[in-house]
Amino acid sequence: MKYDVIIIGAGASGLMAAIVAARQGSSVLVMEQKDKAGKKILATGNGKCNFTNMIQSTSCYRSNDSAFAMKVLSCFDIKQTLGFFQQLGIYPKNRDGYLYPNSEQAVSVVQVLMMECERLKVSFHYQEAVKEIRKPDYSVVTEQSVYQADKLILATGGCASPQLGSDGSGYQLAKSLGHTIIKPLPALVQLKSPVKFCKTISGVRTTAKVTLNTAEKSLAMEEGEVLFTDYGISGIPILQISRYAAKALDQGEKVFLILDFIPELLEQELLQLIKIRISDNPHKNIEEMMVGLLNHKLSYVLIKEAGLEINKNVKQLNSREILLLVQGIKAFKLPISETNSFENAQVCAGGVATGEIVEETMESKLAKNVFLTGELVDVDGTCGGYNLQWAWSTGYLAGTAAGRKGTGV
Ligand SMILES: Cc1cc2nc3c(=O)[nH]c(=O)nc-3n(C[C@H](O)[C@H](O)[C@H](O)COP(=O)(O)OP(=O)(O)OC[C@H]3O[C@@H](n4cnc5c(N)ncnc54)[C@H](O)[C@@H]3O)c2cc1C
């Protein structure tokens, strides 16, 4: 049987595209290599699915061409996304702009998408991996069979969290059609550090302003709660800056973080505060003086790294030593050796170059009647619902264009 539309990948963007195409009366087949649809959606937002965000701005979408992302999102925006999901049954819960289904269950999102696919008689072939797209008619080749359609949508995702299905095979398929692939790198991922003291402070959570640097410049800055781990550092601010670390490391640059553990005070103000703490309690040693200011384990490392003796009485500290301690708290250097792997990454940076895609339809400029959606494309969102919004918007535009009847080959 020849289908109007074949979609490769039953993830967020593929399911959206399937619904929109089928609503126009097109026959739709979704090919999925896993045993069910929407596996990654189930893992999102710690199982609660942060499916979009009320705040949308260019800075939330990273790409070699961020303007492309904003143009796409303006064609199917947050208001339309909320309308789409409300109509399917998702009553949104708004947490400071972050939107979740009110059920707080990611499975609800998969269920409403699948109920609609069922109503529209979308066909699914599970456990069938697409190995090749054969020219000139773009027939879809699997180990089991060869399929034909008027339109083809590549919704394979990237290569982040391959255990959930997206194993990077989509890049090969897009490449075989002539597309340029900007090197995929892990993003929204933890960072590894070679220093030994990470083990000492593993498990410590603290707020910090984090600046990502190379020898030449600062690349990104975020503030929030960080978590030290055996291998390095994690937490939302770390995930947010990780794509820039991944790119710099990939280019062979030396990468390090500067952590400010008391960002609300200027260096001079902190210096004054430390001096007051010393004069208030002149009998204490340095470690005791730090109690109540910062996490105990962290203080220990900060004192050691400043080259000071833990047991030294605070009265014996000279101005240079006090300044060293203050500078350690305000600008603590943490070298970064690598990011965690794709297995740990929530998304990947890189993918199909946006210049090769029509933004209003997500149609390939190189292969007519072929469309590309979601994480496969060179756009990665920050934490907060932006990656799913990208998947919904691109899936909607591709499904609308591909599902339009009577325009195929
Ligand atoms: C742990 C985790 C938490 C996350 N939390 C959030 C969040 O709260 N909010 C948010 O916005 N984003 C979140 N994300 C990111 C978001 O889930 C993804 O960006 C989004 O799902 C990508 O959608 P997609 O359609 O491009 O690809 P995917 O959802 O990855 O779907 C691709 C599908 O294609 C299938 N496939 C791939 N290749 C083939 C092939 N050759 N043949 C057949 N099938 C194939 C895969 O099996 C998969 O089912 C999270 C990601 C992870 C890993």
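I began at I153, which stands opposite F371 in β21. The model I am reading is a predicted one.

Entry 1, strand β11. I then looked for a partner in strand β1 (residues 3–8). Five bridges join β1 to β11, and these strands also run parallel. Next I asked how many residues of strand β11 (residues 149–154) are buried. The count is six of the six, so I wrote the strand down as largely enclosed by the rest of the structure. For this I took a residue as buried if 20 or more other C-beta atoms lie within 10 Å of its own.

I looked up how the protein is divided. Domain 1 covers 3–186 + 345–403, and domain 2 covers 190–340. I read 40 Å between the C-alpha centres of domain 1 and domain 2. The contact takes nine residues from domain 1 and nine from domain 2. Which strand gives the largest share of the side of domain 1 that touches domain 2? I found strand β12 (residues 181–187), with three residues. By class, I listed that side of domain 1 as five nonpolar, one polar and three charged residues.

I counted 39 residues surrounding the ligand. The closest are G9, G11, G157, G165 and G374. I then checked which elements give two or more residues to this shell, and noted α1 (12–23), α2 (39–43), α6 (169–176) and α13 (386–403). Sorted by class, the shell around the ligand has 15 nonpolar, 19 polar and five charged residues.

I looked for the buried residues of helix α11 (residues 296–305) and found L298, S299, V301, L302 and I303. What covers these buried residues? I noted that the cover includes the helices α7 (197–200), α10 (286–290) and α12 (319–330). It also includes the strands β14 (205–214) and β18 (332–336). Last, I looked at what follows α11 and found G307, whose phi is positive, near 80 degrees.

Key: Residues numbered from 1 in each chain as written. Predicted model: local features only at pLDDT ≥ 70, side-chain atom pairs only at ≥ 80, totals over all residues. Buried ≥ 20, exposed ≤ 12 C-beta atoms within 10 Å, placed from the backbone. Helix = DSSP H or I, 4+ residues; strand = E, 2+ residues; numbered from the N terminus. Contact = placed C-beta atoms within 7 Å. Near = placed C-beta within 6 Å. Nonpolar A, V, L, I, M, F, W, Y, C, P; charged D, E, K, R; others polar. Domains from an automatic or database assignment. Pairing = 2+ DSSP bridges.
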